[in-house]
Amino acid sequence: MIFFMAGTSDARELALMLQAHGYPLVASVVTGSAGTSLRESGIDVRIGRLDQEAMTQALANYEAILLVDASHPYAQEAHRTAMAAAAARGITYLRFERESQHYADFAGVTMVDSYEQAAEIAAQKQGSIMLTTGGKTLAIFAKRLLGDANIRLVARMLPRRDNMEKCEQLGFEQKNIIAIQGPFTREFNEALYRQFKTTLMITKESGQVGSVDEKVQAALALGIEVVIIRRPPLEYGHSYETFADVLCAVQAVWEGTR
């Protein structure tokens, strides 16, 4: 059995490909919505966040001989937990890391290494700032930017209850919340930027599947400055950027355990 960490659209496609090649797997996701999408595709699913002890036990319960981590590029805690759990069980850990897109040389784009750096740049730029980095780090930006009379901070995020509750706790006005699920076209992004008179857009280096290209290109086309937060560095050991490479690695491990 393959223990497969999912939760994104490309992870779903990779899981389907592995299953189509005859590899039994169970997909592990955090949210019910992600689980529903996978179940509708005929994939076995377990739902809920796991710490290292719980994941190690799950690997034992499913008699997993391989862990494939295809979770979001910025889910650093989940990656570390998975690597530690796989090591504890003595099984192979394989990471599918979607390919990065490179914007460092684009005029109007600033690359930074942390959310704090992005917030500091936004504080200096001021204006109407559209934040598209999700709810987990919202407090970093709220602490630095909310309350500044020269800044309008607009939070664009998934329409989940926890996100809305966090916005309320941090003091976001409803008019500055965009609760919506993508992916979106370049034209849709441009319309949103115009609607909120955006002067600076902050995003993460999530890759093409994360619709970063559409967000960035739309912003640059309108003369809007962009701040992109680089992926945190993490040594995975076995990391692959294509489905074909993951399949080859899975085949090698699978044959080696037969």
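**Entry 1: the end of α3**

The model is a predicted one, in which local features need pLDDT of at least 70 and side-chain atom pairs count only at pLDDT 80 or more, while totals for chains, interfaces and linings use all residues. Residues are numbered from 1 along each chain as its sequence is written, and side-chain values use heavy atoms, with hydrogens and water left out. Helices (H or I, at least four residues) and strands (E, at least two) are DSSP runs, numbered from the N terminus.

I then asked which residues of α3 are buried. They are Met55, Thr56, Ala58 and Leu59; buried means under 20% relative accessible area, exposed over 50% and partly exposed in between, with a 1.4 Å probe and protein chains only. These residues lie on the same side of α3, because they cover an arc of only 160 degrees around the axis. The arc is that of the directions from the helix axis to the C-beta atoms. On the face turned away from the buried side I noted the exposed residues Glu53 and Asn61. The buried residues of α3 pack against β1, β4 and α4 (76–89), where contact means heavy atoms within 4.5 Å.

**Entry 2: strand β1**

I found both faces of β1 covered: Ile2 and Phe4 are buried on one side, and Phe3 and Met5 on the other. Strand β1 runs parallel to β2 (residues 25–29), to which four bridges join it; two strands pair if DSSP finds at least two bridges between them. Phenylalanine 3 has valine 26 as its bridge partner in β2. Strand β1 also pairs with β4 in the parallel sense, over four bridges, and there the partner of methionine 5 is aspartate 69.

I recorded a right-handed β-α-β unit made of β1, helix α1 (residues 9–20) and β2. A crossover is right-handed if, with the strands pointing away from the viewer, the path from the first strand over the helix to the second runs clockwise.

**Entry 3: aromatic pairs**

How many aromatic pairs are there? I counted rings of Phe, Tyr and Trp (its six-membered ring) as a pair if their centres lie within 6.5 Å, with planes under 30 degrees apart as stacked, over 60 as edge-to-face and the rest as tilted. By this rule the count comes to five aromatic pairs. One of them is the tilted pair of phenylalanine 3 and tyrosine 62, at 6.1 Å centre to centre and 45 degrees between the planes. This pair links distant parts of the chain, 59 residues apart: phenylalanine 3 is in β1 (residues 2–5), and tyrosine 62 is in the loop between α3 (52–61) and β4 (66–69). Phenylalanine 3 is buried at a relative accessible area of 0%, whereas tyrosine 62 is partly exposed at 30%.

Tyrosine 115 and phenylalanine 141 form an edge-to-face pair, with 6.4 Å centre to centre and 90 degrees between the planes. Tyrosine 115 lies in α5 (residues 115–125) and phenylalanine 141 in α6 (residues 138–145), so this pair ties together parts that are 26 residues apart in sequence. Both tyrosine 115 and phenylalanine 141 are buried.

**Entry 4: the six-stranded sheet**

I traced an open sheet of six strands in the order β6-β11-β10-β7-β8-β9, with parallel pairing. Strands β6 (109–112) and β9 (177–179) stand at the edges with a single partner strand each, so one side of each is left without a neighbour in the sheet. The twist averages 20 degrees from one strand to the next; axes are lines fitted to C-alpha atoms, for helices over the stretch in contact, and angles run from 0 to 180 degrees between N-to-C directions. Strand β6 pairs with β11 (residues 225–229) in the parallel sense over four bridges, and methionine 111 stands opposite isoleucine 228 in β11.

Helix α6 packs on the sheet and touches β7 (127–131), β8 (151–157), β10 (200–204) and β11; its direction makes about 170 degrees with that of β8. For α5, I listed the buried residues as Tyr115, Ala118, Ala119, Ile121, Ala122 and Ala123. They pack against β6, β7, α6, β8, β10 and β11.

**Entry 5: further positive phi values**

Most residues other than glycine have a negative phi. Just after α5, glutamine 126 takes a positive phi of about 60 degrees. Glutamine 126 is in the loop between α5 and β7 and is partly exposed, at 27% relative accessible area. Lysine 197 has a positive phi near 50 degrees. Lysine 197 lies in the loop between α8 (186–195) and β10 and is exposed, with a relative accessible area of 64%.
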